[in-house]
Amino acid sequence: MSELDQRSVVGVLNHILESELAGVVRYTHYSFLVFGFGRIPIVAWLRQQADESLLHAQQAGEWITTLGAYPSLEIGPLLDSHTFDIGSILRESLEAENVALELYRELLTLVQDRSVALEEYARQMIHAEEMHAGEVDKMLRRPGALATSSGAPPA
Ligand SMILES: [Fe+2]
C-alpha cells in the first residue's frame, strides 16, 4: 500500500466537516419554512436530513482527530434564496448535496489503496449521499414521470 498524503486527506475531511455542518443549519432552516397540507411529513423529513448531516459531520470530525489533526470550526457556504417553495428548497439542497458528494469522491481518490478503513468510509459515504440524491431527485419528479424535468438523474 502506498503512503497516505495526510495533509491533503485532512484538508478534504475538513471541507466535508464544514459542508455537513452547513447541511445541519440549512435543513433546520428549511424546516421552518414549510406550510400547507404536506407540512408534517416534509418538516419531519427535513429534520431527519439535518440529523443525518450532523452524524456525517461528527464522522468526518472523528476521522480528523484520529489522524492527529485539528478539526475546522468553519462552516460551509449557506445558500438561501428566501424561498418557501418546496421544489426550490429541494433543488437547492440537491445542489449542496452534490458538492458534498464530490468531496467524498475526492477523498476516495486520495485514500484508495492507501488506507482500507478510510477507503471503506469514503465508499460508504458516497453510497449514502448518492442514495440521498436519488431520493431527492424522485421527490422532484412529477408523479408518473420516470425522469425529473430538469434532465437525467445524477450519474
Ligand atoms: Fe452528508
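Q: How many residues does the largest nonpolar core have?
A: That core has 23 residues. A nonpolar core is a set of buried Ala, Val, Leu, Ile, Met, Phe, Trp, Tyr and Cys residues joined through side-chain atoms within 4.5 Å. Buried means under 20% relative accessible area, exposed means over 50%, and partly exposed is in between (1.4 Å probe, protein chains only).

Q: What kind of model is this, and how are residues numbered?
A: It is a predicted model: local features need pLDDT of at least 70, side-chain atom pairs count only at pLDDT 80 or more, and totals for chains, interfaces and linings use all residues. Numbering starts from 1 along each chain as its sequence is written, and side-chain values use heavy atoms, with hydrogens and water left out.

Q: Back to that core. Which residues have the most contacts inside it?
A: Val9, Leu13, Ile16, Leu67, Leu107, Leu118 and Tyr121.

Q: Which helices supply at least two residues each?
A: α1 (6–31), α2, α3 (86–111) and α4 each do. Helices (H or I, at least four residues) and strands (E, at least two) are DSSP runs, numbered from the N terminus.

Q: What else lies apart from it?
A: Another core, of 13 residues. Val34, Val43, Leu90 and Val136 are among them.

Q: Why group nonpolar residues at all?
A: In soluble globular proteins, nonpolar side chains tend to be buried together.

Q: OK, pick Leu13. What is Leu13 in contact with?
A: Set aside its neighbours within four places in sequence. Then Leu13 contacts Ala60, Trp63, Ile64, Leu67, Leu107 and Tyr121. Contact means heavy atoms within 4.5 Å.

Q: And Ile16: buried or exposed?
A: Ile16 is buried, because its relative accessible area is 1%. Ile16 sits in helix α1.

Q: What does Ile16 touch?
A: Ala60, Leu103, Tyr104, Leu107 and Tyr121, not counting residues up to four places away in sequence. Ile16 and Gln59 are 43 residues apart in sequence, yet 9.8 Å apart in space, C-alpha to C-alpha.

Q: New topic, helix pairs. At what angle do α1 and α3 pack?
A: About 165 degrees, with axes 10 Å apart. Axes are lines fitted to C-alpha atoms, for helices over the stretch in contact, and angles run from 0 to 180 degrees between N-to-C directions. So α1 is roughly antiparallel to α3. Angles under 35 degrees count as roughly parallel, over 145 as roughly antiparallel, 65 to 115 as roughly perpendicular and the rest as oblique.

Q: Left-handed or right-handed crossing for α1 and α3?
A: α1 and α3 make a left-handed crossing. A crossing is left-handed if the near helix is turned anticlockwise from the far one by less than a right angle, and right-handed if clockwise.

Q: How do the residues of the α1 contact with α3 divide?
A: Into 14 nonpolar, 4 polar and 5 charged. Ala, Val, Leu, Ile, Met, Phe, Trp, Tyr, Cys and Pro count as nonpolar, Asp, Glu, Lys and Arg as charged, and the others, Gly among them, as polar.

Q: What about α2 and α4: how do they pack?
A: α2 (residues 39–66) and α4 (residues 116–139) pack at about 165 degrees, with axes 13 Å apart. They are therefore roughly antiparallel to each other. α2 passes α4 in a left-handed crossing.

Q: Which residues of α2 and α4 make the contact?
A: α2 gives Trp45, Gln49, Glu52, His56, Gln59, Ala60 and Trp63. From α4, the residues include Ala117, Leu118, Tyr121 and Met125. By class, the contact has 9 nonpolar, 4 polar and 2 charged residues.

Q: And α3 with α4: what angle and what distance between axes?
A: About 160 degrees, with the axes 9 Å apart. The crossing of α3 and α4 is left-handed. Their contact divides into 15 nonpolar, 2 polar and 6 charged residues.

Q: Which residues does Leu108 contact?
A: Glu119, Ala122, Arg123 and Ile126, leaving aside neighbours within four places in sequence. Leu108 lies in helix α3 and is buried, with a relative accessible area of 13%. The C-alpha atoms of Leu108 and Ala122 are separated by 5.4 Å.

Q: Where does Asp113 lie?
A: In the loop between α3 and α4. Asp113 is exposed, with a relative accessible area of 51%. Phi of Asp113 is near 60 degrees, a positive value in a residue other than glycine. Most residues other than glycine have a negative phi.
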